[in-house]
Amino acid sequence: MIEFRHLRYFVAVAEDLSFRRAAERIHIDQSPLSRAIRDLEEELGVPLLVRLPRRLQLTPAGLQMLTECRKLLVRLERVKRTVRHTHALYRAPLCIGVADGISQPRLSECINRWRLVAPEVPLEIAEMRARELANALRNEEVDLGFSFGVPEDEAIAQTPAWRYNVMALLPRHHELAERSKIFLPELLAFPLLSCNEERVPGLFRQMRTIVDKHKEQVTFAGAASTLSGYVIRIAAGAGVGLADAGHTWALQRDDVLAVPLAEEEHITTFVLHKHQRFGIAEPLQRFLAHIRTLS
């Protein structure tokens with residue numbers, strides 16, 4: 001049976017007209033090369049080479065064989081490239097879990113840039129709560145996730161991806177609404193709306209750290225489970241609030257104001273993935289490196 005290696009060997013010999021030079025060129029011993037050419041001639045039932053004392057010469061059948069072999073080998077390379085390209089287009093997607101209702105511009109920028117630099121690696125995005133994200137990572141249902149943070153877990157790596165300044169959220173007619181900047185102790189003199197610790201544990205923890213640093217005693221006006229619920233309560237005058245600048249940019253409301261704080265405080269968004277004993281997969285490595293270019 002003729003194999004593609006026979007054709008490659010024959011092309012090398014036919015182009016060099018020397019078993020020695022051809023063997024050196026394709027990095028095999030001369031003896032198996034010569035035997036492969038004899039096997040090819042026996043399979044075809046025709047001589048392809050005339051073996052003269054000091055050189056080789058192609059027979060007319062050998063000349064035609066050389067032409068056809070070159071065509072086949074070119075075609076084979078095209079088939080390989082087409083198959084690899086198809087595999088790249090339909091490879092398993094990178095699954096991303098997005099928790100805590102994150103809708104920051106940085107996240108959109110991250111995903112859009114990835115589609116430009118790595119179009120061959122598709123993405124699938126799933127929305128979930130922080131604790132659901134932790135479980136999905138442990139069970140390898142998603143490859144990585146974005147969150148304000150999940151409870152500490154030895155199985156999960158949490159790395160800062162980016163951070164935004166914290167801003168004050170006020171009802172439109174609040175007495176601090178005319179300020180260009182607000183000092184946190186001034187803001188915290190008013191009832192503060194919190195976020196739900198069970199729904200967004202990472203954001204709750206970061207917010208409480210900021211609040212505790214600036215005021216010992218704070219009056220809380222309840223807790224909201226979602227950003228929309230948080231904003232609605234503030235608009236309704238239930239209290240004042242805190243939010244990262246990435247989310248306040250998305251607010252298109254006349255009844256809520258986002259005012260910068262005088263203090264430099266930040267909310268961090270983390271990228272999470274499961275620790276792997278034998279190293280993480282190449283597409284995930286590339287995506288994590290991609291995130292670092294945005295910071």
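Analyst: **Salt bridges and pocket linings**

Glu-3 is partly exposed, with a relative accessible area of 34% (buried means under 20%, exposed over 50%, and partly exposed in between, with a 1.4 Å probe and protein chains only as cover). This is a predicted model, in which local features need pLDDT of at least 70 and side-chain atom pairs count only at pLDDT 80 or more, while totals for chains, interfaces and linings use all residues. Residues are numbered from 1 along each chain as its sequence is written, and side-chain values use heavy atoms, with hydrogens and water left out.

The side chain of Glu-3 meets that of Arg-5 in a salt bridge, at 2.8 Å from N to O (a side-chain nitrogen of Lys or Arg within 4 Å of a carboxyl oxygen of Asp or Glu). Arg-5 also counts as partly exposed, at 34% relative accessibility. The structure holds 17 salt bridges, and two further pairs may be followed in detail.

One of these pairs is Lys-80 and Glu-77, whose side chains meet in a salt bridge of 3.4 Å, N to O. Both residues belong to helix α4, residues 60–89, and because they are three residues apart there, about one helical turn separates them (helices, H or I with at least four residues, and strands, E with at least two, are DSSP runs numbered from the N terminus). Lys-80 is partly exposed, with a relative accessible area of 31%, and Glu-77 is partly exposed too, at 36% relative accessibility.

The other pair is Lys-274 and Glu-140, whose closest N and O atoms are 3.2 Å apart in their salt bridge. Lys-274 lies in strand β11 (266–274) and Glu-140 in the loop between α6 (130–138) and β5 (144–147), so this pair ties together parts that are 134 residues apart in sequence. Lys-274 is itself partly exposed, with a relative accessible area of 22%. Elsewhere, salt bridges that share partners join Glu-15, Asp-16, Arg-25 and Arg-70 into one network.

Lys-274 and Glu-140 lead on to the second largest pocket, since both are among the residues that line it, together with others including Leu-94, Leu-137, His-273 and Pro-283 (a pocket is an open set of points on a 1 Å grid where a 1.4 Å probe fits, with protein on both sides within 12 Å along at least five of seven lines, and lining residues have an atom within 4 Å of a point). The elements that give two or more residues to this lining are β11 and α11 (282–292). The lining divides into seven nonpolar, two polar and three charged residues, and the second largest pocket has a volume of about 220 Å³.

At least two lining residues each come from β7 (192–195), α8 (201–214), β8 (220–224), α9 (227–235) and β9 (241–244), and α8 supplies the largest share, five residues. In this lining, 17 residues are nonpolar, five are polar and five are charged.

Methods
Ala, Val, Leu, Ile, Met, Phe, Trp, Tyr, Cys and Pro count as nonpolar, Asp, Glu, Lys and Arg as charged, and the others, Gly among them, as polar. Grid points are joined across faces, edges and corners, and a volume is the space filled by probe spheres set on the points.
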